[in-house]
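Subject: Structure handover

Hello,

I am passing on the structure we talked about, followed by notes on what was found in it. Please look through the model first and then read on.

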Amino acid sequence: MNSWRVTQEDPHNPDVVTLLERHLEFARGVTPPEDVHALDLDGLLDPKVTFFSLRDRGTLLGIGAIKELDDNHMELKSIHTAQEARGNGVGRTVVEHLLAVARERGATRVSLETGSMEEFAPSRALYTRLGFVECGPFGDYSPSRSSTFMTLELR
């Protein structure tokens, strides 16, 4: 049994800022600048965004956020697992927590945008295993060869 805890957190916390910077460096390193949609710290402070962290005995292992698009539709944002924690279910646990939050808030649909490049294949595989299917752009997104859009109808 692990001692993981997913909780709402202030994204200003120093270890969160560090992991968020790694997330942004990764996204910017493999994605054309015009197609980087990862939220920076200011984006995570938007009132429509709720930020969460996953910790094990205080050690930060993963982050993720959910953004309200409208009364029934939410978007997953800024999901990232610390390099040393990859392959252990951290990402899945964060996404499942965000989906539970969406259900609690009355959402009927959750969508996301992720990269279409090979570096994002593990993320796309995780979302597919959780029931997400590819869809067209949503919200303010435009079609892009660098983006894969996915959605999940909540029951």
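Where does R57 lie? R57 is in the loop between β2 and β3. Please keep in mind that this is a predicted model.

Backbone angles

R57 has a positive phi, near 50°, and it is a residue other than glycine. Most residues other than glycine have a negative phi. R57 is also exposed, with a relative accessible area of 70%. S78 is another such case: its phi is positive, about 50°, although S78 is not a glycine. S78 belongs to strand β4 and is buried, because its relative accessible area of 5% falls under the 20% cut-off. A positive phi, near 90°, is also found at G106, which follows helix α3.

Salt bridges

How many salt bridges does the structure hold? There are 6. Side chains of opposite charge can pair when their charged atoms come close.

- R55 and D15 meet through their side chains at 2.7 Å, N to O. This pair links distant parts of the chain, with R55 in strand β2 (residues 49–56) and D15 in helix α1 (residues 14–30), 40 residues apart. R55 is buried, with a relative accessible area of 16%, whereas D15 is partly exposed at 30%.
- E9, D15 and R55 are linked in a network of salt bridges.
- R57, the loop residue described above, forms a salt bridge with D56, at 3.4 Å from N to O.
- E75 and K77 form a salt bridge in which the closest N and O atoms are 3.7 Å apart. Both E75 and K77 are buried.

Strands

Strand β5 (residues 109–115) pairs with β7 in the antiparallel sense, over 7 bridges. In this pairing, G115 stands opposite S147 of β7. Strand β7 also pairs with β6 (residues 133–135), again in the antiparallel sense, over 3 bridges. Here V133 is opposite T151 of β7.

How do β4 and β5 run, parallel or antiparallel? They run parallel, joined by 3 bridges. M74 stands opposite V110 in β5.

Both β5 and β7 are mostly covered. In β5, 6 of the 7 residues are buried. In β7 (residues 147–153), 6 of the 7 residues are buried as well.

Helix α3

Helix α3 covers residues 90–104, 15 residues in total. From its first C-alpha to its last it reaches 21 Å, close to the 21 Å expected at 1.5 Å a residue. Which residues of α3 are buried? They are V90, G91, V94, V95, L98, L99, V101 and A102.

Pockets

Rolling a probe the size of a water molecule over the atoms shows where empty space is left. The largest pocket has a volume of about 800 Å³. Its lining is made up of 35 residues, and I79, H80, F120, S123 and Y127 lie nearest its centre. Several elements each supply at least two residues of this lining: α1, β4 (73–81), α3, β5 and α4 (121–129). Which of the elements gives the most to the lining of the largest pocket? β4 does, with 6 residues. By class, the lining of the largest pocket has 14 nonpolar, 14 polar and 7 charged residues.

The second largest pocket has a volume of about 240 Å³. The residues that line it are H37, L39, K48, K67, E68, L69, E75, K77, F138, G139, D140 and Y141. By class, 4 are nonpolar, 2 are polar and 6 are charged. β3 (59–68) and β4 each supply at least two residues of this lining. E75 and K77, which line the second largest pocket, are the pair joined by the salt bridge at 3.7 Å.

Regards

Notes. Residues numbered from 1 in each chain as written. Predicted model: local features only at pLDDT ≥ 70, side-chain atom pairs only at ≥ 80, totals over all residues. Heavy atoms only, no water. Salt bridge = Lys/Arg side-chain N within 4 Å of Asp/Glu carboxyl O. Helix = DSSP H or I, 4+ residues; strand = E, 2+ residues; numbered from the N terminus. Buried < 20%, exposed > 50% of the residue type's maximum accessible area, 1.4 Å probe, protein only. Pairing = 2+ DSSP bridges. Expected span 1.5 Å × (residues − 1). 1 Å grid on protein atoms, 1.4 Å probe; cavity = no way out; pocket = protein on both sides within 12 Å on 5 of 7 lines; lining within 4 Å. Points joined across faces, edges and corners; volume = space filled by probe spheres on them. Nonpolar A, V, L, I, M, F, W, Y, C, P; charged D, E, K, R; others polar.
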